[in-house]
Amino acid sequence: MKRPLISILNSSTFGKHFSDHIATLESFADLKHITVPADINADDLAKELKDSDGIIASVTPKIPRGTLEQCKNLVLLVRHGIGCDNVDLEAATELGIMVSRVEGIVEKEAVAEYAVSLLLAGARKVVQGAQAVKNSAWSTRSGMIGIELKGKTIGIIGLGNIGSRSAEILSKGFGANVVASDPYIAKERFAEFGAKEVPLDELIRESSAILFHCPLTDETKRMLGQAQFDSMKKGTVLVNTCRGELVNEDALCNALENGSLGAYATDVVEGEPIDGNHRLTKLDNAIITPHLGGYSWESLHGMGQTCVDDSVSVFQKNGVPGRMANPEVLQKEHRRVWQ
């Protein structure tokens with residue numbers, strides 16, 4: 001019986017800590033580990049992936065139409081994460097390729113807790129303080145006065161799996177006044193999570209801290225620009241655990257440089273991975289971590305298990321993945337199936 005070829009693309013964690021995930025896949029498939037630059041072009045990426053029957057893909061690189069069209073055997077592409085913005089879903093659907101992803105609930109606790117950690121780091125100057133001690137500058141602590149969260153208005157953009165959990169932590173744990181904006185959540189559910197529904201412009205204007213918990217879409221790309229930063233309270237803390245492309249980077253840097261934005265605590269950057277030469281790393285009020293939001297043992301296990309389960313469903317059971325990113329492909333007469 002023919003064995004499928006599953007390519008593991010740019011994932012530094014899949015199978016690294018949970019050997020049973022690799023063992024399960026190797027019991028019925030051949031595995032190929034591929035590492036490519038984040039900015040690889042479509043044709044060069046296709047050369048690496050063209051023989052793949054399945055792909056387990058990280059957040060980079062982008063997998064465009066030009067690549068997918070050359071992957072004639074590809075049946076299943078599994079995102080080792082929640083977001084699918086680096087995959088051309090329209091092209092995958094037209095070509096009959098099933099795309100699946102990790103359910104938000106798998107990363108819910110890990111990312112929500114991490115977002116609150118970043119918020120605290122930005123609000124209480126945690127990183128600056130730690131660095132001051134390392135630099136023998138203990139006495140500079142007098143310039144590191146932060147804010148408490150209790151009673152503060154904290155805005156959450158996106159109240160899905162992760163955003164709703166952050167709202168619960170902040171409202172019920174810290175006693176913050178949580179406001180939220182999400183046109184896709186039923187109005188009666190806001191109070192359930194300890195949040196008050198407000199229009200986005202009011203959230204931006206009235207919040208002492210703002211957390212992104214929304215996907216990157218055409219609607220949300222660059223949703224915070226110069227006008228939005230100008231309308232914020234002076235000293236606002238902005239937290240991003242979603243995608244760097246949600247903000248206009250020029251406007252962001254201007255707001256950080258002139259002090260109108262108190263801190264930007266982010267786990268994501270447009271064009272990541274970045275190095276110490278990136279302009280955001282030069283700003284003292286920017287805290288940048290290397291996309292660690294989902295990096296808890298519990299979350300990584302759940303993410304890996306999802307990739308394994310979806311691969312088993314398609315290549316061993318001739319079924320479909322558990323969480324489809326393009327469910328409409330199932331209605332296609334030319335949907336690809338594993339033979």
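Glu109, Arg165 and Glu168 are linked in a network of salt bridges, a salt bridge being a side-chain nitrogen of Lys or Arg within 4 Å of a carboxyl oxygen of Asp or Glu. The model you are looking at is predicted, so local features need pLDDT of at least 70 and side-chain atom pairs count only at pLDDT 80 or more, while totals for chains, interfaces and linings use all residues. Residues are numbered from 1 along each chain as its sequence is written, and side-chain values use heavy atoms, with hydrogens and water left out.

**Salt bridges**

Let's stay with the charged pairs for a moment. The structure holds 13 salt bridges, and the table lists three of them with their N to O distances.

| Pair | Distance (N to O) |
|---|---|
| Aspartate 85 – arginine 243 | 3.0 Å |
| Arginine 165 – glutamate 168 | 3.2 Å |
| Glutamate 197 – lysine 187 | 3.4 Å |

Arginine 165 and glutamate 168 share helix H7, where they sit three residues apart, about one turn of the helix. Helices (H or I, at least four residues) and strands (E, at least two) are DSSP runs, numbered from the N terminus. Arginine 165 is partly exposed at 24% relative accessible area; the classes here are buried for under 20%, exposed for over 50%, and partly exposed in between (1.4 Å probe, protein chains only).

Glutamate 197 belongs to strand S8 and lysine 187 to the loop between S7 and S8, so this pair ties together parts that are ten residues apart in sequence. Glutamate 197 is partly exposed at 33%, and lysine 187 is exposed at 61%.

Aspartate 85 is partly exposed, with a relative accessible area of 29%, whereas arginine 243 is buried at 12%.

**The sheet and its helices**

Now to the sheet. Seven strands make up an open sheet with parallel pairing, in the order S8-S7-S6-S9-S10-S11-S12; two strands pair if DSSP finds at least two bridges between them. Strand S8 (195–197) and S12 are at the edges with a single partner strand each, so one side of each has no neighbour in the sheet. On average, neighbouring strands are turned by 20° against each other, direction ignored. Axes are lines fitted to C-alpha atoms, for helices over the stretch in contact, and angles run from 0 to 180 degrees between N-to-C directions.

Three bridges join the parallel strands S11 and S12, and threonine 266 stands opposite isoleucine 288 in S12. Helix H7 (residues 161–173) packs on the sheet, touching strand S6 (153–157), strand S7 (177–181), S8 and S9, where contact means heavy atoms within 4.5 Å. The direction of H7 makes about 170° with that of S6. Helix H10 (residues 249–257) also packs on the sheet, touching S11 and S12, and its direction makes about 130° with that of S11.

**Backbone details worth a look**

Most residues other than glycine have a negative phi, and most peptide bonds are trans. Arginine 222 has a positive phi of about 55° and lies in the loop between strand S9 (209–212) and helix H9 (226–231). Histidine 291 has a positive phi near 55° and is partly exposed at 23%.

The peptide bond from threonine 60 to proline 61 is cis, with omega near 0°. The bond from glutamate 272 to proline 273 is cis too, with omega near 5°.
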